[in-house]
Amino acid sequence: MSECKLQPLNKPLSGEILVPGDKSISHRAVIFGSLANGITKITHFLDGEDCMRTVDAFREMGVYIDVQDTTLIIKSKGITRLVEPSQPLDFGNSGTTTRLMLGILAGLPFFTTIYGDASLSKRPMDRVVNPLRQMGAIIDGRLNGNLLPLAIRGTTIKGIDYTLPVKSAQVKSAVLLAGLFAEGKTKVTEPIPTRNHTENMLKAFGADLTIDGNTITVTNKSELTGTDVHVPGDISSAAFFLVAGAIVPGSEILLKNVGLNPSRTGIIEVLNKMGAKIQIEAEHSVSGEAFGNVRIAHGSLKGITIEGGIIPRLIDEIPVIALLATQAEGTTVIKNAEELRVKETDRITAVVDVLTTLGADITATEDGLIIKGKTSLNGGEIASYDDHRIAMMGAIASLITDSEVTIDDASCIAISYPNFFNDLESIS
Ligand code: S3P
């Protein structure tokens, strides 16, 4: 347990932050680098706990991975040379590692068992196990394979034509990755688009991939080849400072090298719609992933409704958007975000608990939140729920409370943003 006591700031934030590498892209860069033949160099990698679970999994399967701060060198002889792990793989808190690795392990010719921490052991895996079983995968575990630990006996699998029943990039990615090992074509259709980093990286590593509207098709035809990947800054990490800049009076912050892939920029649209002073500068693109600097300044905000197709494009930012909404005039309504209930914790319950303790007017609905603003926030003792994004939201809230905020355990922040408090201090 690392209890964390935070004092109100009482002054503006100012300065620049180089945002840490994107978590989703870092996981995928390790995965594709390990499946590819040759050398892959990854720069600006996120060396948080979650992504290191993916690194460790491939090391267990015989891949050479050298990690020097945020630069990784991967040397692999490709899919056919991966070896059976001699012990169960510990995926810690990482849902992305678990769900994407399931797609890979299903088609590899060996036996693996996987497990995780208390939070991961409660999260639904049937969303991935079901389509993989349709492909012929042999997977077993508690509740008919819905809960970790899971045992996977790799086997011959075949392509399927699958329409995603949940708005989940992890499920889409698991099926596409399995498609690299499957006989025939694997097609995934997503009624509502989710983050497309897997598709971008499949292309960059030379996979046989076609995209037609919302349908992605992959085959096992081509061998993947190692390549260099530069990871953009994580917009989901930048979000905490975007909100900080928007709500702390007098602030102006520049966030550098933020990933601006349109499948992730819902938070920017929300800030614009709420009337925040936000500007994008120096935009460019590397390997299909857009980057840019984002400048944010304090200003008055108004409540809005957030619903429909934008939800997957800001799903991880909703806890901190809820905090933002407490500082907006009027009502903010968030709908269609039922996926929040199955994240690292039930984030609808957690956000309502934390922000209510701090004096906000916030109500949970089945699939979202209703926040009435603008309210001044008070100090208090809050729980992180062992969820990195809840802990960081609480830390940003403490900047504008009238007295001390105590977070029961903030160590979970290392999952996605090990340098969070140093970066916060650098602009305080
Ligand atoms: C992720 C997809 C999202 C997101 C998670 C990372 C990914 O999860 O919440 O933090 O890297 O594919 P879902 O696929 O469950 O929506």
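Predicted model: local features only at pLDDT ≥ 70, side-chain atom pairs only at ≥ 80, totals over all residues.
Ala, Val, Leu, Ile, Met, Phe, Trp, Tyr, Cys and Pro count as nonpolar, Asp, Glu, Lys and Arg as charged, and the others, Gly among them, as polar.

Let's start with empty space. Rolling a probe the size of a water molecule over the atoms shows where such space is left. Here, the largest pocket has a volume of about 250 Å³. It is lined by 15 residues, and the closest to its centre are Ile79, Leu180, Asn220, Ser222 and Glu223. Sorted by class, the lining of the largest pocket holds six nonpolar, six polar and three charged residues.

The UniProt record, an unreviewed entry, places the feature "active site" at Asp316. Where along the chain does aspartate 316 sit? Its place is in the loop between β18 (305-306) and α10 (318-326). Is aspartate 316 buried or exposed? Its relative accessible area is 12%, and because buried means under 20%, aspartate 316 counts as buried.

Who are its partners? Leaving out residues up to four places away in sequence, aspartate 316 touches Arg195, Ser236, Lys343, Arg347 and Arg389. With one of these, arginine 195, the side chain of aspartate 316 makes a polar contact of 3.5 Å.

Finally, follow the chain from the loop of aspartate 316 into α10. This helix is mostly covered, with nine of its nine residues buried. Among them are Ile318, Pro319 and Val320, as well as Leu323, Leu324 and Thr326.

Note on methods: Residues numbered from 1 in each chain as written. Heavy atoms only, no water. 1 Å grid on protein atoms, 1.4 Å probe; cavity = no way out; pocket = protein on both sides within 12 Å on 5 of 7 lines; lining within 4 Å. Points joined across faces, edges and corners; volume = space filled by probe spheres on them. UniProt positions renumbered as here; feature names shortened; annotations may be inferred. Helix = DSSP H or I, 4+ residues; strand = E, 2+ residues; numbered from the N terminus. Buried < 20%, exposed > 50% of the residue type's maximum accessible area, 1.4 Å probe, protein only. Contact = heavy atoms within 4.5 Å. Polar contact = N/O pair within 3.5 Å; in protein donor to acceptor, adjacent residues only side chain to side chain.
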